[in-house]
Amino acid sequence: MPSIGSPVCVAAVTRNLLLFARQVWYIYRMSTVSYLDRLLEPLTDAFTPELARAFADLRTDPQLQEYVDVLAQKANAGTITSDEDAEYKAIIDAADLVAILQLKARRFLKEQSA
């Protein structure tokens, strides 16, 4: 068994703390997403089939996706700078917003076709 303070013990504790932090962050993000869902309801009530299709068909620009992937790798490795981290979080927030709009658009289109 590794002794307290040994590199193996510190690595294990760090890994467990990171996993816990990610779980807390996930719970926080899910509650934020539900608020976004509710805030966007008036906008999505005004969907037309054309607007809903435009939202449903939105795709990330390949260059932006590549950049986000690099930021994600840096975040996971712990090498992301504070400026990059702020940008990464802003991109994730924007992606949450777009994802909610896309889900609402797809639901609208499904209801329209029924």
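View 1. Helices are DSSP runs of H or I, at least four residues long, numbered from the N terminus. This is a predicted model: local features need pLDDT of at least 70, side-chain atom pairs count only at pLDDT 80 or more, and totals for chains, interfaces and linings use all residues. Residues are numbered from 1 along each chain as its sequence is written, and side-chain values use heavy atoms, with hydrogens and water left out.

**View 2. D61 caps the N-terminal end of α3.** A side-chain oxygen of D61 lies 2.7 Å from the backbone nitrogen of Q63.

**View 3. V68, L71 and A72 are the buried residues of α3.** Buried means under 20% relative accessible area, and exposed over 50% (1.4 Å probe, protein chains only). Seen down the axis, the buried residues fall within an arc of 105 degrees, so they line one face of α3. The arc is taken from the directions from the helix axis to the C-beta atoms. They pack against α4 (82–113); contact means heavy atoms within 4.5 Å. On the other side, P62, Q63, E66, Q73 and A77 are exposed.

**View 4. The largest nonpolar core has nine residues.** These are L40, F47, A52, F55, A56, I100, L101, A105 and F108. Its largest share, four residues, comes from α4. A nonpolar core joins buried Ala, Val, Leu, Ile, Met, Phe, Trp, Tyr and Cys residues through side-chain atoms within 4.5 Å.

Definitions and conventions
Helices (H or I, at least four residues) and strands (E, at least two) are DSSP runs, numbered from the N terminus. A polar contact is a pair of N or O atoms within 3.5 Å; within protein, one must be able to donate a hydrogen and the other to accept it, and residues adjacent in sequence count only if both atoms are side-chain atoms.
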